[in-house]
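Please read the sequence alongside the structure, and keep both in view while following the report below. It moves from a sheet to a whole chain, and then to a single helix.

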Amino acid sequence: MAIEVRIPTILRTYTGGAKSVQASGDTIAGLIADLDSRHVGLQERLVDGSGLRRFVNVYLNDEDVRFLGGLDAPVKDGDTVTVLPAVAGGAR
Amino acid sequence: MVTLGGQMRFDSILDSVGGTPLVGLPNLSPGPDTRLWAKLEDRNPTGSVKDRVALAMIDAAEKEGRLHKGATILEPTSGNTGISLAMIARLRGYKLICVMPENTSAERTQLLQMFGASIIYSPAAGGSNEAVRVARKLAAENPDWVLLYQYGNEANARVHYETTGPELLADLPGITHFVAGLGTTGTLMGTGRFLREHVPGVQVVAAEPRYGELVYGFRNMDEGFVPELYDDSVLTSRFSVSAADALRRARQLVHEEGIFAGISAGCVLHAGLAIAERARGLGQRAEIALLIADGGWKYLSTGAFAGTLAEAEAKIEGELWA
C-alpha cells in the first residue's frame, strides 16, 4: 500500500474530498482496480473499454503513462501517480 | 568573441521571423557526451515562437481568401499568439479580438492593447479551455469574424515542419532529442514530424505545465480538451512539470547560463535535464535541443523572478504561467 495517487478536484467526490490516497498494484490497471475497491466508481471515470478516457491524463512520477505502456505500465512502491484532466495549455 | 555573421538584413520586420540562434548550455549539460542546447525563440519580432505560427496562419488564410482588408480576426490565446497576431494584423490592416483568460499577466494585456487588439476576457476557472469555448461561441454568433484557431490550424504545425525543424537539423545534425512545451501541440507536432523523418531514433519529448487547481476547475472530466492538432504517435514521452520545478529551472537558466527566459522554458529545461540524466545513466550519447518559447520579460509582474522560490510559487498559483 505504498503508491501515492493524487486526485484532481473534480474526482474528489469519490475520495471523500481527499487530495491524495494510497493504493497498491503491479500496473496502472491494477492500481486503478485497487482504488476502485475503496472508492467505488472511480475506475469508470478514468477508463473505458479501449483504455484511459480521452480527457484523462495519468502520470507516473510526472511522466505520461500513455508513453510507458498505458494501463500496463508497471508501478512499484514509492511511486507517485497523478491524475489530471486534459487542458488546452497556456501561453499559446 | 564577437564574430561577423552572415546576411542579417531584412526587407521588413515580418521577413525576419524565424532563423533563431541555437546556443549551447555548457554549464547545465551533464558532460561532453550529454549536451543541452537552447533554441532561442524570444529572438523573434514580438519575442516569442508564436510569430512563426501567427504569420503562417495569416498567410494561409489570405491565400485561401478567408481574409480581406479590414476583416476581423478572432483568436483564443493566453498571450503570445495574440501578441504576434496583433502586430501582424496591424501591419496587414486587420482588426484583432483576443479571447484571453483573465488570469494572465498584466504585460500581455498591455502589449495587446499597444498593437491595437481588443480583448475579451474569459473566466479564470477552466483556463484556456474556457477561452476556446468562449471564442467558438463568439465565432458562431459573428460569422464574418475569422477564427484562425491555432489548436486546430494545420499551418501552426506546418510552419514548424518547414522552418523550426530544418533550422534545428542544420545547426545540430547530431540531434538525439527535441524537447518543447505542450500547448497547442503545434511546435511538437511539426518539428517532431520533420525530425522523425530525417533523424532515425530521434526522441520527441513534450513538457507540459502542471497548473494550480483553479485552472483544472471545470465541472467534469468531459469538459477536458485535447487540441485537434495533437497526434500522440509523434511523441516519445511526455512530462508533467510543476510550477515549482519550472520556476526553479527558469532561475537556473538565468544564473548558470545567463539566459532570461519565460517560465515555460523552465518547464522544458526540467524535462530536458531528466532526459539528459536518463541518457547518461544508460551510457548513451545525447544532443538535446530545448525550445525556449519566449523571454522572461512578460513574467516580471507575476513575481516569478523576485523573492524566494516559495514566494514566487505562491504568487503564480492560479495563473496560467506558461
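## An open sheet in chain B

In this predicted model, four strands of chain B form an open sheet in the order β5-β4-β3-β6, and their pairing is parallel. The edge strands, each of which pairs on one side only, are β5 (118-122) and β6 (146-147) of chain B.

Strand β3 (residues 72-76) of chain B pairs with strand β4 (residues 95-101) of chain B in the parallel sense, over five bridges, and Glu75(B) has Cys98(B) in β4(B) as its bridge partner. Across β3 and β4 of chain B lies helix α2 (residues 80-92) of chain B, which runs at about 170 degrees to β4(B).

## Chain B as a whole

Chain B contains nine helices and ten strands. Its radius of gyration is 19 Å, close to the 20 Å that the globule rule gives for 322 residues, so chain B is as compact as a globular protein of that length. The C-alpha trace of chain B spans about 55 × 45 × 40 Å along its principal axes.

Of the 322 residues in chain B, 55% are buried. Among the contacts in chain B with a separation of 6 or more, 72% are between residues 24 or more positions apart.

## A helix of chain A

In helix α1 (residues 28-38) of chain A, the buried residues are Ile28(A), Leu31(A), Ile32(A) and Leu35(A). Seen down the axis of α1(A), these buried residues fall within an arc of 95 degrees, so they line one face of the helix. An α-helix has 3.6 residues a turn, so residues three or four places apart point the same way.

The buried residues of α1(A) pack against several elements of chain A, including β1 (3-6), β2 (20-23), α2 (42-46) and β7 (80-85).

How values were computed: Residues numbered from 1 in each chain as written. Chains lettered and ligands numbered in written order. Predicted model: local features only at pLDDT ≥ 70, side-chain atom pairs only at ≥ 80, totals over all residues. Buried ≥ 20, exposed ≤ 12 C-beta atoms within 10 Å, placed from the backbone. Helix = DSSP H or I, 4+ residues; strand = E, 2+ residues; numbered from the N terminus. Arc of directions from axis to C-beta. Contact = placed C-beta atoms within 7 Å. Pairing = 2+ DSSP bridges. Axes fitted to C-alpha atoms, helices over the stretch in contact; angles between N-to-C directions. Rg over C-alpha atoms; globule rule 2.2 N^0.38 Å.
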